[in-house]
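Here is a friendly walk through one protein model, from its overall layout to a few selected side chains. Have the sequence and the 3D view at hand as you read.

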Amino acid sequence: MGLFDSLLGHGSRVDPADLRKRLDGVLIDGEEAQLAFRVVRDFFVFTQFRLILVDIQGMTGSKVDYTTIPYRAITRFSVETAGTFDLDSELRIWVSGSPAPIERTLGKGSDVRSIQRALATGISR
């Protein structure tokens with residue numbers, strides 16, 4: 001399944017088996033996870049067609065919210081790096097038809113340039 005070698009977020013590694021299990025039945029025929037990273041328990045998955053935000057909820061993690069954002073629906077995005085005193089990076093994605101952005105906080109050390117590149121690549125298709 002795509003590139004699991006480079007992981008972003010809090011420095012933890014994406015377990016390919018866990019990601020495969022979480023995406024079982026979610027990906028369509030021919031779709032592959034090209035870039036994936038974990039932020040605490042949640043996943044950001046970039047495929048060739050869309051961005052999938054996997055929000056693992058509850059104490060047991062059995063409740064999962066999958067938010068799919070087709071690249072064509074993204075009108076703009078913002079990736080903010082962490083500063084000297086600011087420990088978090090931030091990601092904002094504006095989707096057509098919604099005035100408020102989808103916001104996610106990323107830990108210091110997140111490779112925000114790779115996130116920016118993945119979004120820009122997906123949008124330009």
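## About the model

This is a predicted model, in which local features need pLDDT of at least 70 and side-chain atom pairs count only at pLDDT 80 or more, while totals for chains, interfaces and linings use all residues. Residues are numbered from 1 along each chain as its sequence is written, and side-chain values use heavy atoms, with hydrogens and water left out.

## Overall layout

The protein chain holds 2 helices and 7 strands. These elements are DSSP runs numbered from the N terminus, with helices being H or I of at least four residues and strands being E of at least two. Along the sequence, their order reads α-β-β-β-β-β-β-β-α.

The protein chain has 125 residues, and 40% of them count as buried. Here buried means under 20% relative accessible area, exposed means over 50%, and partly exposed lies in between, using a 1.4 Å probe and protein chains only.

How many salt bridges does the count come to? There are 3, where a salt bridge is a side-chain nitrogen of Lys or Arg within 4 Å of a carboxyl oxygen of Asp or Glu. One of them joins the side chains of Arg50 and Glu31, at 2.7 Å from N to O. Arg50 sits in strand S3 (residues 50-57) and Glu31 in the loop between helix H1 (16-23) and strand S1 (33-39), so the pair ties together parts that are 19 residues apart in sequence.

Setting aside neighbours within four places in sequence, the contacts of Arg50 include Val26, Leu27, Ile28, Val45, Thr68, Ile69, Pro70 and Tyr71.

Arg92 takes part in a salt bridge with Glu90, where the closest N and O atoms are 2.6 Å apart, and in another with Glu103, where the closest N and O atoms are 3.4 Å apart. The second pair links distant parts of the chain, with Arg92 in strand S6 (residues 88-95) and Glu103 in strand S7 (residues 102-107), 11 residues apart. Through shared partners, the salt bridges join Glu90, Arg92 and Glu103 into one network.

Glu90 is partly exposed at 25%, and Glu103 is partly exposed at 46%.

## A charge over a ring

Arg76 lies over the face of Trp94, at 4.1 Å from the ring centre. For this label, NZ of Lys or CZ of Arg must be within 6 Å of the ring centre and within 35 degrees of the ring normal.

Gln48 lies in the loop between strand S2 (42-47) and S3, and is buried at 17% relative accessibility. A polar atom of the Gln48 side chain lies 2.8 Å from the backbone oxygen of Gly30, and the Gln48 side chain reaches the backbone nitrogen of Glu32 at 3.1 Å. Gln48 and Glu32 are 16 residues apart in sequence, with their C-alpha atoms 7.0 Å apart in space.

Val64 belongs to strand S4 (residues 63-70) and is partly exposed, at 24% relative accessible area. Not counting residues up to four places away in sequence, Val64 touches Arg22, Val54 and Asp55. From C-alpha to C-alpha, Val64 and Asp42 are 9.3 Å apart in space, and they are 22 residues apart in sequence.

Technical notes
Contact = heavy atoms within 4.5 Å. Polar contact = N/O pair within 3.5 Å; in protein donor to acceptor, adjacent residues only side chain to side chain.
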